[in-house]
Amino acid sequence: PRGLLRVTSSVAFGKSQLIPALPDFLAAHPELTLSLELSDRRLDLEEEDIDAAIRFAEQLDTPQVIVRKIMDNERILCATPGYLARAGTPESFADLARFNCLRTSRIGGRNAWVASVDGVEETIDATGNFEGNSADVVFNAALAGLGIARLSSYLVADRIRSGDLVRVLPGYTQKNADIAVIFAQKRLLAPRTRAFVDFLTERFGKRRPAR
């Protein structure tokens, strides 16, 4: 594999997972140069000449791409101990409506929080006085004590173990938030893209959702 590899990744995954893994990838492929964009925007792989994109599998609705799951992931609810001391702790999923819930802007459907309660599906529209344009922004807002966030378990697990964040409604888990890499349907997949996809699958594929 050689040449320029153009990659885009969601902001949170790129900062917390992908960039720390890149030294190993680039050391294994010294003739590659990697150009990385971190963004949660919608994209067109063919139009923008992107070799590979890392996104949530749930976001992918374009049939002209190939999708490979690279990591299991779930979303959980969390907040700082300080926020919960001030605002109290939700006692039920519906109770979230009276708390400051941190929203994600520009990503359709992400603010409809869904749970199965006693076999019945309940949905609340997360409302509050703050929204961010990426999960990374919401993550940092949660760490600042602004409210309750629903975030990927891989992103918050270390902070929960350290006590910086506390799980809210520990029985709640939103599944089907797996991380995937996508690339355009082309007759011959470039060796640089194949090497990157194989690396991601090997590095992250055996991980289970962090708790």
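Predicted model: local features only at pLDDT ≥ 70, side-chain atom pairs only at ≥ 80, totals over all residues.
Residues are numbered from 1 along each chain as its sequence is written, and side-chain values use heavy atoms, with hydrogens and water left out.

Strand β5 (residues 75–79) and β10 run antiparallel and are joined by four bridges; strands here are DSSP runs of E with at least two residues, helices are runs of H or I with at least four, and both are numbered from the N terminus. They belong to an open sheet of three strands, ordered β10-β5-β11 with antiparallel pairing, where two strands pair if DSSP finds at least two bridges between them. At the edges are β10 (149–152) and β11 (166–167), each of which pairs on one side only.

Across β5, β10 and β11 lies helix α5, running at about 105° to β10; axes are lines fitted to C-alpha atoms, for helices over the stretch in contact (heavy atoms within 4.5 Å), and angles run from 0 to 180 degrees between N-to-C directions. The buried residues of α5 are Ser153, Tyr154, Leu155, Val156, Ala157 and Ile160, buried meaning under 20% relative accessible area with a 1.4 Å probe and protein chains only. After α5 comes Gly163, with a positive phi near 95°.

Now to the rings, of which the structure holds five aromatic pairs, counted when ring centres of Phe, Tyr or Trp (its six-membered ring) lie within 6.5 Å, with planes under 30 degrees apart called stacked, over 60 edge-to-face and the rest tilted. Phe13 and Tyr154 are edge-to-face, because their ring centres are 5.7 Å apart and their planes stand at 80°. This pair links distant parts of the chain, since Phe13 is in helix α1 (residues 11–28) and Tyr154 in helix α5 (residues 153–162), 141 residues apart. Phe13 counts as buried at 0% relative accessibility, and Tyr154 does so at 12%.

Phe25 and Phe196 are likewise edge-to-face, with centres 5.4 Å apart and planes at 70°. Phe25 lies in α1 and Phe196 in helix α6 (residues 191–204), so this pair ties together parts that are 171 residues apart in sequence. Both Phe25 and Phe196 are buried. Finally, ring pairs link Phe13, Tyr154 and Phe204 into a cluster.

Methods:
Buried < 20%, exposed > 50% of the residue type's maximum accessible area, 1.4 Å probe, protein only.
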